[in-house]
Amino acid sequence: MTAESWTVRRILAWMQQDFAARGIESARLDAELLLAKALDLPRMNLYLDLDRPLAPEERSAARDLVQRRRTREPVAYILGERAFYKHTFVVSPAVLVPRPDTETLVERALARLEEDAEGPMLDVGTGSGCIGLSLLAERPELVADLVDLSPDALDVARRNAERLAVAERARFLEGDLLAPAAGPYALITSNPPYLREDELGDVEADVRDHEPHLALVAGVDGLEAHRRLAAGAGAHLRPGGALLLEVGAGQAQDVKALLASAGFRTLAVHRDLGGVERVVEGTWPGA
Ligand SMILES: C[S@@+](CC[C@H](N)C(=O)[O-])C[C@H]1O[C@@H](n2cnc3c(N)ncnc32)[C@H](O)[C@@H]1O
């Protein structure tokens, strides 16, 4: 095959086939995203000239990205960003890649902020900042404390706050769950780690081998962080304030019981777009 015959169309087909043969489910999408990155184009522009031959340096850039994806490095880390809710967030291997399921938590938080538009609010285990910063972008009066145990994650959240032009309304606090919390808050959100220690071996290689284990694993039953958040959050909430926790599949009823025994009222469970019970909501009494 001559070098000229490596057109956009052919290299896309080759990348797709290579990824699919390795069991990567999103083979076509990954091929498009990575080739667009190698060519420094928006993805849809690939289709404007499918018969364009690639220059040698473009082929070499594409091959390097294919090598990385073959190791199951998540596409979001290779691209350095991921779309979430209404914005694109910088990501690095220090943070969990934001998941569409987490948008359910953002929607529910926005509903709670109808009454308390200024907050303040607290986002625990903020990672990329995708939850707290999306809320700051939607509510121009809102102020937020964003907590993470990982200083590297907080650096990523800070970069995202700058990009979304909300940094002056955010504080970035390093520490263990609620330890750095001030409050009292109108709202506390958290998508804490929720895998059991023995589950890590079963999750797909993209997650297990590349995402930070601090973001994934929470003790022998996966509920260690939820237990501590349920027990401690009330002390940092205003009367009538809300606690919203994301949970793993099958954990919602256990977490609802944790909130009930900690004194939360008006408990509710919300499903994500896939129909999975994903968010547990409780209200701190006394309003
Ligand atoms: C599941 S990730 C969620 C990240 C982000 N909020 C999201 O929804 O994509 C959990 C985050 O909690 C942080 N974390 C884990 N244990 C923590 C702890 N004890 N205190 C504070 N943050 C913690 C991790 O560093 C990680 O950023």
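Start by selecting helix α1 (residues 8-21) and helix α3 (residues 56-70), which pack at an angle of about 15 degrees with their axes 11 Å apart. Helices here are DSSP runs of H or I with at least four residues, numbered from the N terminus. Axes are lines fitted to C-alpha atoms over the stretch in contact, and angles run from 0 to 180 degrees between N-to-C directions. Because angles under 35 degrees count as roughly parallel, α1 is roughly parallel to α3. Their crossing is right-handed, the near helix being turned clockwise from the far one by less than a right angle.

This is a predicted model, in which local features need pLDDT of at least 70 and side-chain atom pairs pLDDT 80 or more, while totals for chains, interfaces and linings use all residues. Residues are numbered from 1 along each chain as its sequence is written, and side-chain values use heavy atoms, without hydrogens and water.

Now show the polar contacts, pairs of N or O atoms within 3.5 Å. At Asn-191, a polar side-chain atom lies 2.8 Å from an oxygen atom of the ligand. At Thr-126, a backbone N or O atom lies 3.2 Å from a ligand nitrogen atom. The protein buries 95% of the 590 Å² that the ligand exposes when taken alone, by the Shrake-Rupley method with a 1.4 Å probe.

Note on methods. A polar contact is a pair of N or O atoms within 3.5 Å; within protein, one must be able to donate a hydrogen and the other to accept it, and residues adjacent in sequence count only if both atoms are side-chain atoms. Helices (H or I, at least four residues) and strands (E, at least two) are DSSP runs, numbered from the N terminus. Angles under 35 degrees count as roughly parallel, over 145 as roughly antiparallel, 65 to 115 as roughly perpendicular and the rest as oblique.
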